[in-house]
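Trainee: Before going through this model, I would like to know what stands behind each label. Please start with the terms and then go to the residues.

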Amino acid sequence: MARRMMSRLGQWSSYVFAVDFDTNSDPIYFALASKQSERPQVFRNVLADEMCYSLHVQSDDKIERAKFYGGLKKKLSKELPPECTILEMSIFQPNVKDSVIKGYFLKDASKSSATERVLGELLRNDPVYVCSYLCGGEDRQWSQHLWSNTEDGWVEVLEKYCVVPAEKPVHHPSTLNIINYDVFYSFEDAYKVLQQCVDIIPESKAVLELVDQRLKSKEKTDFPVIVIEGLDATGKTTLTESLTEALGATLLKSPPQCLSPWRARFDTEPPLIRRAFYALGNYLTAGQIGQEARQAPVIVDRYWHSTAAYAIATAVGGKLGNLPQAGSEVYGWPGDLLRPSLVLMLSLSSQERMRRLQVRGQDKTMEEEELEANHLFRQK
């Protein structure tokens, strides 16, 4: 299996590896070489008696890859020894779009054979690469050993490489797969994802039927379309209702109410599927805007901006500087989505926003909980 997977992947040694030892700082970057580096100390955060492994999810099927990775950490946490630390990891080709392969790096201090047993079972049954890492000699030189299955089901080492430090890339690896993974830029791309999910997520069919019935977008509107953006509890509801009354406007919300029956279901799905669902919500909202803006101004409580901002902030790990540069195509408006006439962004101090949320006592989404707990996420 590993040989077949490698033939699809291409040159394994051309990839750079990134391990998030600390989610608030840069990853540790390393590459593979045929001989050791003069700077061998790649894993300074690993103790001498810890065993290290990595596994990377790879499948030609984009949906299968997303679904398997989405449940992998929970599976590992359940089956691996408690002394085994699970860290986010990815491999990528620097500055090459869609080249990121996600996975995990394992630091195992258990001295148990359980970890290798679990990884061996994954290698035999699931779309993963598995590697082990050994540190030898007084200078602590690291080597990577890529596993394979033999015909009788045993695990063997397919390739051995020297682990050498790699330069920090110009673009953080998590930014390379954002387009049409975390943020969608066309109706067709988002629709296609849910089409591919119909057999595994029955609710997808109902959503697509709703979209087919209701989607009637109109690019040119007769009256202004004003979008009000901002985090929860920044005053959007108060302002949207006041503007609606003052202007004699129609008030719409995104995601639209018609998607409410399925939101809880899709909120449990991995980012690829969840983001496609909410992207279709923006197109449904655009269809409503096109209809309503023929008779009166339209006020919209959130739109594509929120969908994209939450997705990018979630996808991009580490520091603020890891976000795509200003002017990046990641921030570009979808070419087939109705544009508003004006967008207002509301801001409020974190303390006052938290106070308002506590007064409300309402259920929070996973991302809203992250906003409360993580100052860096709020900044992003």
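Mentor: A polar contact is a pair of N or O atoms within 3.5 Å; within protein, one must be able to donate a hydrogen and the other to accept it, and residues adjacent in sequence count only if both atoms are side-chain atoms. This is a predicted model, so local features need pLDDT of at least 70 and side-chain atom pairs count only at pLDDT 80 or more, while totals for chains, interfaces and linings use all residues. Residues are numbered from 1 along each chain as its sequence is written, and side-chain values use heavy atoms, with hydrogens and water left out.

Trainee: What makes the link between the side chains of E269 and R265 a polar contact?

Mentor: The distance between them is 2.3 Å, and the limit is 3.5 Å. The side chain of E269 also makes a polar contact with the side chain of K67, at 2.8 Å.

Trainee: Why is E269 called buried?

Mentor: Buried means under 20% relative accessible area, exposed over 50%, and partly exposed in between (1.4 Å probe, protein chains only). E269 has 5% relative accessibility, so the residue counts as buried.

Trainee: Which residues does E269 touch, not counting those up to four places away in sequence?

Mentor: K67, I201 and R274, where contact means heavy atoms within 4.5 Å.

Trainee: What makes β10 and β11 a pair?

Mentor: Two strands pair if DSSP finds at least two bridges between them. Four bridges join β10 to β11 (residues 298–301), and the two run parallel. L251 stands opposite I299 in β11. Helices (H or I, at least four residues) and strands (E, at least two) are DSSP runs, numbered from the N terminus.

Trainee: Why are β10 and β12 called edge strands?

Mentor: The order in this open sheet of four strands is β10-β11-β9-β12, with parallel pairing. β10 (250–253) and β12 (342–345) each have a single partner strand, so one side of each is left without a neighbour in the sheet.

Trainee: What is the angle between helix α8 and β10?

Mentor: About 175°, with α8 (residues 271–292) lying across β9, β10 and β11. Axes are lines fitted to C-alpha atoms, for helices over the stretch in contact, and angles run from 0 to 180 degrees between N-to-C directions.
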